[in-house]
Amino acid sequence: MRRHAVIVAGALAIVLTGTLAGAGPTLADDTAPLPELVIGYPPPCGDEEAATLSAVECADVEPVDAIGPIPPEVQAAAAETARVETALVQAEGADALRKNCRLHAEVAFYTDSDWNRLATNLAAETSHCADYYISIPAIAGNKTTPRPDQAWRIREKGPRFHAMAEAHLTAWQNWVVSNGKTWIEAGRLFRERMANAGYDVSLGDTWALNEVPSSVRQNAGQSRRNLLDFLKGLYEGDGSTGSNRGLVFVVGLGQRTQNLAVYLGNMRGWLSDSAFWTEADAYVRFWAQEVYGDVRAWGVPNAPRMTRAEHLIEYVMHPLALARAGGERSAAAEAFFRRAYLPLENAAWKWQSGFGFTNVDSVLMRHFVSEQVHAARHDAGTHPADGPSGRLGFAWAPENNPVEADFPAKAAGIQQRLASAFANAYAQGASSQIGACGPPGDHVWCEGAYEGAAFNEGWEIFSTWDE
(Lines give C-alpha, C1' and ligand atoms only; values in the text may rest on other atoms or scores of the structure.)
Protein backbone atom coordinates (compact mmCIF):
# COMPACT_ATOMS: atom_id res chain seq x y z
CA MET A 1 0.00 0.00 0.00
CA ARG A 2 2.74 2.49 0.92
CA ARG A 3 4.80 1.66 -2.17
CA HIS A 4 1.71 2.08 -4.38
CA ALA A 5 0.90 5.50 -2.87
CA VAL A 6 4.31 6.95 -3.64
CA ILE A 7 4.36 5.53 -7.16
CA VAL A 8 0.98 7.12 -7.82
CA ALA A 9 2.19 10.47 -6.46
CA GLY A 10 5.34 10.27 -8.55
CA ALA A 11 3.33 9.35 -11.64
CA LEU A 12 0.97 12.26 -11.03
CA ALA A 13 3.93 14.61 -10.78
CA ILE A 14 5.20 13.35 -14.13
CA VAL A 15 1.79 13.91 -15.73
CA LEU A 16 1.61 17.41 -14.30
CA THR A 17 5.03 18.34 -15.63
CA GLY A 18 4.28 16.97 -19.04
CA THR A 19 7.49 14.95 -18.95
CA LEU A 20 7.50 11.89 -21.20
CA ALA A 21 9.09 8.69 -20.03
CA GLY A 22 12.19 7.92 -22.03
CA ALA A 23 12.61 11.54 -23.18
CA GLY A 24 16.34 11.37 -22.53
CA PRO A 25 18.69 12.53 -19.78
CA THR A 26 18.22 15.93 -18.14
CA LEU A 27 20.19 17.96 -15.66
CA ALA A 28 19.28 17.28 -12.05
CA ASP A 29 16.57 19.55 -10.62
CA ASP A 30 14.76 20.69 -13.75
CA THR A 31 11.70 22.87 -13.07
CA ALA A 32 8.07 21.73 -13.19
CA PRO A 33 4.68 23.54 -13.24
CA LEU A 34 2.14 22.78 -10.49
CA PRO A 35 -1.57 23.38 -9.78
CA GLU A 36 -2.44 26.28 -7.50
CA LEU A 37 -3.02 24.46 -4.19
CA VAL A 38 -0.11 22.05 -4.57
CA ILE A 39 3.29 22.30 -2.85
CA GLY A 40 4.79 19.38 -4.75
CA TYR A 41 5.37 15.65 -4.87
CA PRO A 42 8.16 13.34 -3.70
CA PRO A 43 10.63 12.07 -6.29
CA PRO A 44 9.44 8.96 -8.14
CA CYS A 45 10.64 5.63 -6.83
CA GLY A 46 14.04 4.68 -8.18
CA ASP A 47 15.33 8.23 -8.75
CA GLU A 48 19.02 7.60 -8.05
CA GLU A 49 19.92 11.31 -7.96
CA ALA A 50 17.41 12.20 -5.22
CA ALA A 51 18.22 12.27 -1.52
CA THR A 52 14.76 11.63 -0.16
CA LEU A 53 12.89 10.11 2.76
CA SER A 54 10.24 8.82 0.35
CA ALA A 55 12.58 5.90 -0.33
CA VAL A 56 11.15 4.16 2.75
CA GLU A 57 7.65 4.30 1.31
CA CYS A 58 8.86 2.93 -2.00
CA ALA A 59 10.43 0.06 -0.04
CA ASP A 60 7.24 -0.49 1.99
CA VAL A 61 9.10 -0.47 5.31
CA GLU A 62 6.94 -1.53 8.27
CA PRO A 63 6.82 1.18 10.99
CA VAL A 64 7.53 -0.58 14.29
CA ASP A 65 9.06 1.02 17.39
CA ALA A 66 11.81 -1.62 17.67
CA ILE A 67 13.05 -4.07 15.06
CA GLY A 68 14.80 -6.20 17.68
CA PRO A 69 14.98 -6.75 21.43
CA ILE A 70 16.52 -4.13 23.70
CA PRO A 71 18.91 -5.84 26.15
CA PRO A 72 18.07 -5.34 29.85
CA GLU A 73 21.46 -3.75 30.54
CA VAL A 74 20.84 -1.14 27.84
CA GLN A 75 17.39 -0.40 29.25
CA ALA A 76 18.89 -0.08 32.74
CA ALA A 77 21.62 2.31 31.54
CA ALA A 78 19.04 4.47 29.75
CA ALA A 79 16.81 4.55 32.84
CA GLU A 80 19.75 5.60 35.00
CA THR A 81 20.54 8.42 32.57
CA ALA A 82 16.95 9.65 32.81
CA ARG A 83 17.00 9.48 36.60
CA VAL A 84 20.29 11.37 37.00
CA GLU A 85 19.53 14.07 34.46
CA THR A 86 15.98 14.64 35.64
CA ALA A 87 17.23 15.09 39.21
CA LEU A 88 19.96 17.48 38.05
CA VAL A 89 17.51 19.66 36.12
CA GLN A 90 15.05 19.69 39.03
CA ALA A 91 17.80 20.75 41.42
CA GLU A 92 19.71 23.25 39.29
CA GLY A 93 17.45 24.31 36.42
CA ALA A 94 17.21 23.66 32.69
CA ASP A 95 20.75 24.85 31.92
CA ALA A 96 22.37 22.45 34.40
CA LEU A 97 23.12 19.89 31.68
CA ARG A 98 25.00 22.40 29.53
CA LYS A 99 27.64 23.36 32.06
CA ASN A 100 31.20 23.00 30.76
CA CYS A 101 29.96 22.08 27.28
CA ARG A 102 32.21 23.38 24.53
CA LEU A 103 29.28 22.96 22.13
CA HIS A 104 25.65 22.17 22.90
CA ALA A 105 24.62 19.58 20.32
CA GLU A 106 21.06 19.44 19.03
CA VAL A 107 20.74 16.15 17.16
CA ALA A 108 17.62 15.39 15.11
CA PHE A 109 16.69 11.95 13.82
CA TYR A 110 14.31 10.98 11.09
CA THR A 111 13.00 7.48 11.75
CA ASP A 112 10.73 5.30 9.69
CA SER A 113 10.85 2.55 12.34
CA ASP A 114 12.89 1.43 15.37
CA TRP A 115 12.54 4.82 17.08
CA ASN A 116 12.21 3.54 20.64
CA ARG A 117 15.23 1.27 20.38
CA LEU A 118 17.24 4.13 18.86
CA ALA A 119 16.32 6.50 21.70
CA THR A 120 17.17 3.82 24.29
CA ASN A 121 20.62 3.18 22.80
CA LEU A 122 21.32 6.92 22.62
CA ALA A 123 20.34 7.36 26.27
CA ALA A 124 22.43 4.40 27.41
CA GLU A 125 25.67 6.17 26.48
CA THR A 126 25.13 9.81 27.02
CA SER A 127 26.70 13.22 26.98
CA HIS A 128 25.01 15.97 28.96
CA CYS A 129 25.91 18.25 26.03
CA ALA A 130 23.46 16.76 23.50
CA ASP A 131 19.69 17.06 23.11
CA TYR A 132 18.01 14.46 20.90
CA TYR A 133 14.91 15.02 18.76
CA ILE A 134 13.33 11.78 17.48
CA SER A 135 10.72 11.85 14.72
CA ILE A 136 7.91 9.30 14.91
CA PRO A 137 6.11 8.29 11.69
CA ALA A 138 2.42 8.94 11.20
CA ILE A 139 -0.05 6.07 11.15
CA ALA A 140 0.37 3.94 8.03
CA GLY A 141 -2.71 4.20 5.84
CA ASN A 142 -3.86 7.36 7.64
CA LYS A 143 -0.90 9.70 7.43
CA THR A 144 -2.77 12.83 8.50
CA THR A 145 -2.92 11.30 11.99
CA PRO A 146 0.13 11.39 14.31
CA ARG A 147 1.03 8.06 15.89
CA PRO A 148 -0.39 7.99 19.46
CA ASP A 149 1.06 6.54 22.67
CA GLN A 150 4.66 7.14 21.61
CA ALA A 151 5.76 10.64 22.63
CA TRP A 152 5.94 9.78 26.32
CA ARG A 153 8.20 6.83 25.50
CA ILE A 154 10.75 9.26 24.07
CA ARG A 155 10.34 11.79 26.89
CA GLU A 156 10.86 9.13 29.55
CA LYS A 157 14.49 8.85 28.41
CA GLY A 158 15.12 12.14 30.24
CA PRO A 159 14.98 15.92 29.78
CA ARG A 160 17.25 15.84 26.74
CA PHE A 161 14.90 13.64 24.67
CA HIS A 162 12.09 15.16 22.60
CA ALA A 163 9.47 13.55 20.34
CA MET A 164 8.62 14.96 16.92
CA ALA A 165 5.30 14.10 15.26
CA GLU A 166 5.56 13.53 11.51
CA ALA A 167 3.46 15.93 9.42
CA HIS A 168 3.32 13.98 6.16
CA LEU A 169 3.24 16.52 3.35
CA THR A 170 1.75 14.35 0.58
CA ALA A 171 -1.07 13.14 2.83
CA TRP A 172 -1.92 16.67 3.93
CA GLN A 173 -1.69 17.91 0.36
CA ASN A 174 -4.30 15.34 -0.65
CA TRP A 175 -6.44 16.54 2.28
CA VAL A 176 -6.17 20.20 1.23
CA VAL A 177 -6.99 19.52 -2.42
CA SER A 178 -9.81 17.02 -1.84
CA ASN A 179 -11.50 19.10 0.88
CA GLY A 180 -10.97 22.54 -0.62
CA LYS A 181 -9.25 23.73 2.56
CA THR A 182 -6.37 26.13 3.10
CA TRP A 183 -2.86 25.15 4.06
CA ILE A 184 -3.14 27.19 7.25
CA GLU A 185 -6.21 25.16 8.22
CA ALA A 186 -4.26 21.98 7.52
CA GLY A 187 -1.42 23.01 9.81
CA ARG A 188 -3.76 24.00 12.62
CA LEU A 189 -5.68 20.74 12.39
CA PHE A 190 -2.43 18.78 12.51
CA ARG A 191 -1.43 20.54 15.72
CA GLU A 192 -4.82 19.63 17.22
CA ARG A 193 -4.37 15.99 16.26
CA MET A 194 -0.80 16.07 17.51
CA ALA A 195 -1.95 17.16 20.97
CA ASN A 196 -4.68 14.51 20.96
CA ALA A 197 -2.02 11.88 20.21
CA GLY A 198 -0.03 12.84 23.31
CA TYR A 199 2.59 15.25 21.98
CA ASP A 200 3.15 18.12 24.41
CA VAL A 201 5.01 21.17 23.13
CA SER A 202 5.29 22.54 26.69
CA LEU A 203 7.47 19.50 27.48
CA GLY A 204 9.73 19.94 24.45
CA ASP A 205 7.89 17.94 21.79
CA THR A 206 7.46 19.42 18.32
CA TRP A 207 6.44 18.61 14.73
CA ALA A 208 8.55 17.46 11.77
CA LEU A 209 7.41 18.19 8.21
CA ASN A 210 8.20 15.31 5.85
CA GLU A 211 9.28 16.57 3.32
CA VAL A 212 9.76 19.76 1.24
CA PRO A 213 9.99 18.69 -2.43
CA SER A 214 12.20 20.11 -5.16
CA SER A 215 9.30 22.18 -6.57
CA VAL A 216 9.77 24.68 -3.73
CA ARG A 217 13.38 25.50 -4.58
CA GLN A 218 12.33 25.54 -8.26
CA ASN A 219 9.63 28.13 -7.34
CA ALA A 220 7.00 26.14 -9.24
CA GLY A 221 3.46 27.52 -9.11
CA GLN A 222 2.37 28.66 -5.65
CA SER A 223 4.60 26.09 -3.90
CA ARG A 224 6.51 28.55 -1.74
CA ARG A 225 3.42 30.44 -0.62
CA ASN A 226 1.58 27.21 0.12
CA LEU A 227 4.52 25.88 2.13
CA LEU A 228 4.76 29.05 4.19
CA ASP A 229 1.02 28.87 4.91
CA PHE A 230 1.37 25.26 6.08
CA LEU A 231 4.32 26.22 8.29
CA LYS A 232 2.31 29.12 9.70
CA GLY A 233 -0.53 26.77 10.65
CA LEU A 234 1.90 24.26 12.16
CA TYR A 235 3.54 27.03 14.16
CA GLU A 236 0.36 28.70 15.41
CA GLY A 237 -1.83 25.66 16.03
CA ASP A 238 -5.39 26.35 17.07
CA GLY A 239 -4.32 28.63 19.91
CA SER A 240 -4.94 26.12 22.69
CA THR A 241 -1.39 24.76 23.05
CA GLY A 242 0.75 27.77 22.16
CA SER A 243 2.99 28.49 19.21
CA ASN A 244 5.73 26.00 18.35
CA ARG A 245 8.64 26.14 15.95
CA GLY A 246 9.26 22.74 14.37
CA LEU A 247 11.58 20.89 12.02
CA VAL A 248 11.45 20.77 8.23
CA PHE A 249 13.00 17.94 6.18
CA VAL A 250 14.10 19.10 2.71
CA VAL A 251 14.65 16.85 -0.32
CA GLY A 252 18.18 17.08 -1.71
CA LEU A 253 20.44 15.54 -4.33
CA GLY A 254 22.74 12.58 -3.85
CA GLN A 255 26.43 13.11 -3.18
CA ARG A 256 27.47 11.49 -6.46
CA THR A 257 25.25 13.70 -8.66
CA GLN A 258 27.32 15.11 -11.52
CA ASN A 259 25.10 17.59 -13.38
CA LEU A 260 24.65 20.25 -10.70
CA ALA A 261 24.25 23.37 -12.87
CA VAL A 262 20.43 23.54 -12.80
CA TYR A 263 20.34 22.72 -9.09
CA LEU A 264 22.89 25.44 -8.38
CA GLY A 265 20.81 27.97 -10.31
CA ASN A 266 17.64 26.96 -8.46
CA MET A 267 19.42 27.25 -5.12
CA ARG A 268 20.70 30.73 -6.00
CA GLY A 269 17.17 31.79 -6.87
CA TRP A 270 15.71 30.33 -3.68
CA LEU A 271 18.38 31.78 -1.41
CA SER A 272 17.76 35.20 -3.02
CA ASP A 273 14.08 35.11 -2.04
CA SER A 274 14.48 37.23 1.09
CA ALA A 275 10.75 37.37 1.82
CA PHE A 276 10.54 33.56 1.97
CA TRP A 277 13.41 33.17 4.46
CA THR A 278 12.29 36.08 6.60
CA GLU A 279 8.84 34.57 7.02
CA ALA A 280 10.12 31.01 7.46
CA ASP A 281 12.35 32.23 10.27
CA ALA A 282 9.25 32.86 12.38
CA TYR A 283 7.94 29.28 12.04
CA VAL A 284 10.96 26.96 11.83
CA ARG A 285 13.41 25.82 14.48
CA PHE A 286 15.42 23.30 12.42
CA TRP A 287 15.87 23.34 8.63
CA ALA A 288 17.04 19.79 7.98
CA GLN A 289 18.60 19.50 4.53
CA GLU A 290 18.75 15.89 3.37
CA VAL A 291 22.43 15.34 2.59
CA TYR A 292 22.96 11.60 2.69
CA GLY A 293 26.60 10.80 2.20
CA ASP A 294 27.33 7.93 -0.18
CA VAL A 295 29.89 5.28 0.79
CA ARG A 296 31.09 5.28 -2.84
CA ALA A 297 31.94 8.99 -2.56
CA TRP A 298 33.54 8.65 0.88
CA GLY A 299 35.52 5.44 1.31
CA VAL A 300 38.35 6.23 -1.10
CA PRO A 301 41.15 3.75 -0.35
CA ASN A 302 44.26 5.28 1.27
CA ALA A 303 42.72 8.76 1.43
CA PRO A 304 43.62 10.73 4.60
CA ARG A 305 40.85 11.11 7.17
CA MET A 306 40.67 14.89 6.78
CA THR A 307 40.48 14.62 2.99
CA ARG A 308 37.42 12.39 3.36
CA ALA A 309 35.98 14.72 6.00
CA GLU A 310 36.51 17.81 3.82
CA HIS A 311 34.59 16.24 0.95
CA LEU A 312 31.77 15.31 3.31
CA ILE A 313 31.70 18.89 4.62
CA GLU A 314 31.52 20.34 1.10
CA TYR A 315 28.47 18.20 0.45
CA VAL A 316 26.54 18.36 3.73
CA MET A 317 27.11 22.10 4.26
CA HIS A 318 26.65 23.23 0.66
CA PRO A 319 23.38 25.22 1.18
CA LEU A 320 24.93 27.19 4.04
CA ALA A 321 28.17 27.70 2.08
CA LEU A 322 26.24 29.11 -0.86
CA ALA A 323 24.17 31.38 1.40
CA ARG A 324 27.41 32.73 2.91
CA ALA A 325 28.88 33.32 -0.54
CA GLY A 326 25.88 35.32 -1.78
CA GLY A 327 26.50 38.37 0.39
CA GLU A 328 23.61 40.83 0.34
CA ARG A 329 21.79 38.75 -2.27
CA SER A 330 21.29 35.91 0.23
CA ALA A 331 21.61 37.78 3.52
CA ALA A 332 18.18 36.76 4.83
CA ALA A 333 18.81 33.09 3.97
CA GLU A 334 22.24 33.17 5.60
CA ALA A 335 20.83 34.66 8.81
CA PHE A 336 18.13 31.97 8.87
CA PHE A 337 20.61 29.16 8.18
CA ARG A 338 22.99 30.36 10.89
CA ARG A 339 20.20 29.83 13.39
CA ALA A 340 18.29 26.88 11.90
CA TYR A 341 20.37 24.91 9.35
CA LEU A 342 20.82 21.25 10.26
CA PRO A 343 22.56 18.78 7.93
CA LEU A 344 20.58 15.54 7.96
CA GLU A 345 23.26 12.93 7.43
CA ASN A 346 23.18 9.23 6.74
CA ALA A 347 22.70 6.36 9.16
CA ALA A 348 20.26 4.56 6.85
CA TRP A 349 21.47 0.99 6.29
CA LYS A 350 21.45 -0.94 3.86
CA TRP A 351 20.23 1.04 0.85
CA GLN A 352 21.03 1.10 -2.86
CA SER A 353 19.64 4.62 -3.45
CA GLY A 354 17.40 7.27 -1.90
CA PHE A 355 19.77 7.48 1.06
CA GLY A 356 22.82 7.21 -1.12
CA PHE A 357 24.53 3.83 -1.30
CA THR A 358 24.98 2.13 2.07
CA ASN A 359 24.64 -1.53 1.08
CA VAL A 360 27.84 -2.46 2.90
CA ASP A 361 28.74 -4.57 5.91
CA SER A 362 27.87 -3.22 9.36
CA VAL A 363 31.49 -2.61 10.35
CA LEU A 364 32.08 -0.25 7.42
CA MET A 365 28.73 1.44 8.13
CA ARG A 366 29.79 2.11 11.72
CA HIS A 367 32.99 3.74 10.45
CA PHE A 368 30.95 5.78 7.98
CA VAL A 369 28.63 7.23 10.62
CA SER A 370 31.61 8.02 12.87
CA GLU A 371 33.26 9.93 10.03
CA GLN A 372 30.08 11.92 9.41
CA VAL A 373 29.89 12.98 13.07
CA HIS A 374 33.61 13.83 12.90
CA ALA A 375 33.09 16.00 9.81
CA ALA A 376 30.11 17.89 11.25
CA ARG A 377 31.90 18.45 14.57
CA HIS A 378 35.04 19.65 12.75
CA ASP A 379 33.05 22.16 10.70
CA ALA A 380 31.29 23.44 13.82
CA GLY A 381 34.64 24.00 15.52
CA THR A 382 36.01 25.76 12.44
CA HIS A 383 33.07 28.19 12.17
CA PRO A 384 31.92 28.67 15.78
CA ALA A 385 30.13 31.95 15.06
CA ASP A 386 28.68 31.11 11.63
CA GLY A 387 26.46 28.10 12.34
CA PRO A 388 25.29 25.44 12.51
CA SER A 389 27.22 25.17 15.79
CA GLY A 390 26.17 21.88 17.40
CA ARG A 391 23.20 21.14 15.12
CA LEU A 392 23.29 17.94 13.10
CA GLY A 393 21.00 15.05 12.32
CA PHE A 394 20.75 11.58 10.87
CA ALA A 395 18.22 9.53 8.98
CA TRP A 396 17.70 6.21 10.74
CA ALA A 397 16.01 3.83 8.30
CA PRO A 398 17.02 0.16 8.62
CA GLU A 399 16.34 -1.83 5.44
CA ASN A 400 16.76 -5.61 5.88
CA ASN A 401 16.68 -6.56 2.21
CA PRO A 402 17.73 -9.22 1.41
CA VAL A 403 16.70 -10.59 4.80
CA GLU A 404 19.50 -11.36 7.24
CA ALA A 405 18.71 -13.03 10.57
CA ASP A 406 21.31 -10.99 12.47
CA PHE A 407 20.32 -7.67 10.90
CA PRO A 408 18.58 -6.30 14.05
CA ALA A 409 21.67 -6.97 16.19
CA LYS A 410 23.98 -5.39 13.63
CA ALA A 411 21.67 -2.36 13.33
CA ALA A 412 21.82 -1.98 17.11
CA GLY A 413 25.60 -1.83 16.79
CA ILE A 414 25.26 1.13 14.42
CA GLN A 415 22.94 2.87 16.90
CA GLN A 416 25.48 2.30 19.64
CA ARG A 417 28.25 3.71 17.46
CA LEU A 418 26.18 6.85 16.88
CA ALA A 419 25.68 7.19 20.63
CA SER A 420 29.41 6.77 21.29
CA ALA A 421 30.42 9.23 18.57
CA PHE A 422 28.10 11.92 19.98
CA ALA A 423 29.12 11.22 23.56
CA ASN A 424 32.84 11.60 22.76
CA ALA A 425 32.71 14.44 20.23
CA TYR A 426 30.29 16.56 22.28
CA ALA A 427 31.46 15.70 25.78
CA GLN A 428 31.84 18.14 28.64
CA GLY A 429 35.18 19.91 28.80
CA ALA A 430 37.64 20.22 25.92
CA SER A 431 35.91 17.86 23.51
CA SER A 432 36.69 17.90 19.78
CA GLN A 433 35.86 16.20 16.53
CA ILE A 434 38.42 13.44 17.04
CA GLY A 435 36.21 11.98 19.76
CA ALA A 436 33.82 10.79 17.05
CA CYS A 437 36.62 8.53 15.79
CA GLY A 438 37.10 6.71 19.08
CA PRO A 439 38.22 7.14 22.68
CA PRO A 440 41.62 8.73 23.46
CA GLY A 441 44.49 6.69 22.12
CA ASP A 442 42.26 4.53 19.93
CA HIS A 443 40.98 6.74 17.10
CA VAL A 444 40.19 3.97 14.64
CA TRP A 445 36.44 4.37 14.21
CA CYS A 446 36.74 6.59 11.14
CA GLU A 447 38.81 4.11 9.16
CA GLY A 448 37.34 2.26 6.22
CA ALA A 449 37.51 1.92 2.46
CA TYR A 450 35.24 0.85 -0.37
CA GLU A 451 36.77 -0.48 -3.56
CA GLY A 452 36.12 1.84 -6.49
CA ALA A 453 35.08 4.82 -4.35
CA ALA A 454 35.90 8.26 -5.76
CA PHE A 455 35.37 11.79 -4.48
CA ASN A 456 32.89 14.06 -6.27
CA GLU A 457 34.64 17.41 -6.65
CA GLY A 458 31.50 19.09 -7.99
CA TRP A 459 30.20 20.28 -4.62
CA GLU A 460 33.05 22.79 -4.23
CA ILE A 461 31.25 25.13 -6.64
CA PHE A 462 28.79 25.99 -3.84
CA SER A 463 31.51 27.91 -2.02
CA THR A 464 31.19 30.75 -4.54
CA TRP A 465 28.12 32.56 -5.87
CA ASP A 466 29.13 34.11 -9.16
CA GLU A 467 28.47 32.09 -12.30
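Rings of Phe, Tyr and Trp (for Trp, the six-membered ring) pair if their centres lie within 6.5 Å. Keep that in mind as you look around this predicted model, because the structure holds 31 such aromatic pairs.

**Whole chain.** Start zoomed out, in cartoon. You have 16 helices and 10 strands on screen. The radius of gyration is 21 Å, close to the 23 Å that the globule rule gives for 467 residues, so the protein is as compact as a globular protein of that length. Along the principal axes, the C-alpha atoms fill a box of roughly 55 × 55 × 50 Å. Of the 467 residues, 56% count as buried.

**Trp277 and Phe337.** Trp277 belongs to helix α11 (residues 274-283) and Phe337 to helix α14 (residues 331-340), 60 residues apart. Both Trp277 and Phe337 are buried.

**Tyr292 and Phe355.** Next stop, another pair: ring centres 5.0 Å apart, planes at 45 degrees, so Tyr292 and Phe355 are tilted. Tyr292 lies in the loop between β8 (284-290) and α12 (305-316), while Phe355 lies in the loop between β9 (341-346) and α15 (362-382), so the pair ties together parts that are 63 residues apart in sequence. Tyr292 counts as buried at 1% relative accessibility, and Phe355 is buried at 0%.

Methods:
Residues are numbered from 1 along each chain as its sequence is written. This is a predicted model: local features need pLDDT of at least 70, side-chain atom pairs count only at pLDDT 80 or more; totals for chains, interfaces and linings use all residues. Side-chain values use heavy atoms; hydrogens and water are left out. Helices (H or I, at least four residues) and strands (E, at least two) are DSSP runs, numbered from the N terminus. The radius of gyration is taken over C-alpha atoms; the globule rule is 2.2 Å times the number of residues to the power 0.38. Buried means under 20% relative accessible area, exposed over 50%, partly exposed in between (1.4 Å probe, protein chains only). Rings of Phe, Tyr and Trp (its six-membered ring) pair if their centres lie within 6.5 Å; planes under 30 degrees apart count as stacked, over 60 as edge-to-face and the rest as tilted.
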